[in-house]
Amino acid sequence: MADGAGLERLSAYLAQEIPLTRAMQVSVDDWDGQCLAVSAPLAPNLNHKATAFGGSLYALAVLAGWGLIVLRLWQEGLDCEVVVQSAEVEYLEPVNKRLAARCTLSDDKAWRKLLAQLRRRGRARITLHPCVPGTEIDALRMRARFVAISR
């Protein structure tokens, strides 16, 4: 699957299947096969302090990790259900501009293990580290475990 086709397919899937992404106005911005970048405008994601709502930042980071796994599985020709199982998050800096999140798959060994377990057991887990870049440091850092289940 070409990267552009993957982005279009993921964008359409999010808009159709995850209504929150429409309310947040999420955009799937970039995908290079290892890193997925997503974003959303600040206005529909504001809190009472005129900065980004923590729940929106959390959701965007989860979407970056979830979307990365979905795209990689599609590239492998696998049709799986992907869910977030658990996540730990640190909010380190307020965000007062367009929200952006990214997730990079930097551990090829972990990905190969996921694929092997998925093919053998029909279910596998992987831990990723999505983030929301801030001005000087990451505004949000996350450690999230995702589960992929063969359909």
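Does Arg119 count as buried or exposed, and at what relative accessibility? At 53% relative accessibility, Arg119 counts as exposed. The legends below describe close-up views of a predicted model.

**View 1. Salt bridge between Glu76 and Arg119.** The closest N and O atoms of Glu76 and Arg119 are 3.6 Å apart. Glu76 lies in the loop between helix 3 and strand 3 (80–91) and Arg119 in helix 4, so this pair ties together parts that are 43 residues apart in sequence. Glu76 is partly exposed, with a relative accessible area of 34%. The structure holds four salt bridges.

**View 2. Salt-bridge network of Asp79, Glu81 and Arg151.** Because Glu81 lies in strand 3 and Arg151 in the segment after strand 7 (138–150), the pair ties together parts that are 70 residues apart in sequence. Glu81 counts as partly exposed at 36% relative accessibility, and Arg151 counts as exposed at 58%.

**View 3. Salt bridge between Arg141 and Asp138.** The side chains meet at 3.6 Å, N to O. Arg141 counts as partly exposed, with 38% relative accessibility.

**View 4. Patch of positive charge on the surface.** Lys109, Arg112, Lys113, Arg120 and Arg121 gather here. Arg121 is found in helix 4 (residues 108–121) and counts as exposed at 58% relative accessibility.

View 5. Not counting residues up to four places away in sequence, Tyr58 touches Ala87, Val89, Tyr91, Leu140 and Met142. Tyr58 counts as partly exposed, at 30% relative accessibility. Tyr58 and Tyr13 are 45 residues apart in sequence and 19 Å apart in space, C-alpha to C-alpha.

**View 6. Asn45 in the loop between strand 2 (35–40) and helix 3.** With 1% relative accessibility, Asn45 counts as buried, because the limit for that class is under 20%. Leaving aside neighbours within four places in sequence, the contacts of Asn45 are Met24, Ala40, Thr51, Ala52, Phe53, Ser56 and Leu99.

**View 7. Positive phi at Gln25 and Ala50.** Most residues other than glycine have a negative phi. Gln25, which is not a glycine, has a positive phi of about 60°. Gln25 is placed in the loop between helix 2 (19–24) and strand 1 (27–31) and counts as partly exposed at 45% relative accessibility. For Ala50, phi is near 65°; Ala50 is found in the loop between strand 2 and helix 3.

Methods. Residues numbered from 1 in each chain as written. Predicted model: local features only at pLDDT ≥ 70, side-chain atom pairs only at ≥ 80, totals over all residues. Heavy atoms only, no water. Patch = residues over 30% accessible without salt bridge, like charges linked within 9 Å, V, L, I, M, F, W, Y side chains within 5 Å. Areas by Shrake-Rupley, 256 points an atom, 1.4 Å probe, with all protein chains shown as cover. Lys, Arg positive; Asp, Glu negative; His and termini not counted. Charge placed at Lys NZ, Arg CZ, Asp CG, Glu CD. Helix = DSSP H or I, 4+ residues; strand = E, 2+ residues; numbered from the N terminus. Buried < 20%, exposed > 50% of the residue type's maximum accessible area, 1.4 Å probe, protein only. Contact = heavy atoms within 4.5 Å.
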